[in-house]
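The stops below proceed by selection.

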Amino acid sequence: MGVQTADLANCLGWYQEFFDAEQKWELSRFSDLTLSRLPGIRKLIEVAIGDVRLHLFDRAGHNGRTANEDGFLFQHLCVQVATPQELVDRRRRWVEIYKSGRYSFARSEMPTEIVVDDDGVQSLYLLDVNGLEYELSYVPEGHR
Ligand SMILES: [Fe+2]
């Protein structure tokens, strides 16, 4: 998944600190195809969160706005965690990082509470620094 941001340092720092994202490689020269698809792209950094690879990049012409939530969009990305405790820990970490003031956030919404559905699946919804939504989810063993 590609994450378009207005401030790559702010974004990378937050992904490293919150998600323990590991920086894989970066690119600052792009193909004609990429330049035509993403005018103003300046730098792209691939990070890994477990098995998920994210491409964080910024654009010179970024308008600083978040997407229209009423239309088509990737509404959230779901990332599984290994234990219910990890949901508790990540939620706490999110709030600590937010309150530290070290990152600027496009939206100021706090994470949701941890919700448990009838099957015992636990979920937590939170926003990254760009206002993009993630679902952190714990799925019990033996769940279909
Ligand atoms: Fe979901």
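Begin by selecting Asp89, which counts as partly exposed at 35% relative accessibility; here buried means under 20% relative accessible area, exposed over 50%, and partly exposed in between (1.4 Å probe, protein chains only). The model is predicted, so local features need pLDDT of at least 70 and side-chain atom pairs count only at pLDDT 80 or more, while totals for chains, interfaces and linings use all residues. Residues are numbered from 1 along each chain as its sequence is written, and side-chain values use heavy atoms, with hydrogens and water left out.

**Helix H3**

A salt bridge is a side-chain nitrogen of Lys or Arg within 4 Å of a carboxyl oxygen of Asp or Glu. Both residues lie in helix H3, three residues apart, about one turn of the helix. Helices (H or I, at least four residues) and strands (E, at least two) are DSSP runs, numbered from the N terminus. Arg92 is partly exposed at 46%.

Next select Glu86 and Arg90, also joined by a salt bridge, at 3.1 Å from N to O. They are four residues apart in H3 (residues 84-100), a separation of about one helical turn. Arg90 is buried at 13% relative accessibility, whereas Glu86 is partly exposed at 22%.

**The domain interface**

Colour domain 1 (2-59) and domain 2 (77-138) separately; the bounds come from an automatic or database domain assignment. Between these domains there are three salt bridges. Select Arg93 and Asp20, a salt bridge whose closest N and O atoms are 3.1 Å apart.

The area buried between the two domains is about 1400 Å², with 59% from carbon and sulfur atoms. Select Trp14, Glu17 and Phe18: they supply 46% of the area that domain 1 buries against domain 2, more than any other three residues. Buried area is the accessible area (1.4 Å probe) that two parts lose on being put together, summed over both.

**The iron site**

Finally, select the iron ion, which is coordinated by His76 (NE2) and Glu135 (OE) at 2.1 to 2.3 Å. His76 lies in the loop between strand S4 (52-59) and strand S5 (77-80), and Glu135 in strand S8 (residues 133-138), so the pair ties together parts that are 59 residues apart in sequence. Donors are N, O and S atoms within 2.8 Å of the metal (3.2 Å for Na, K and Ca); water is not among the atoms, so sites may look incomplete. His76 is partly exposed at 35%, whereas Glu135 is buried at 10%.
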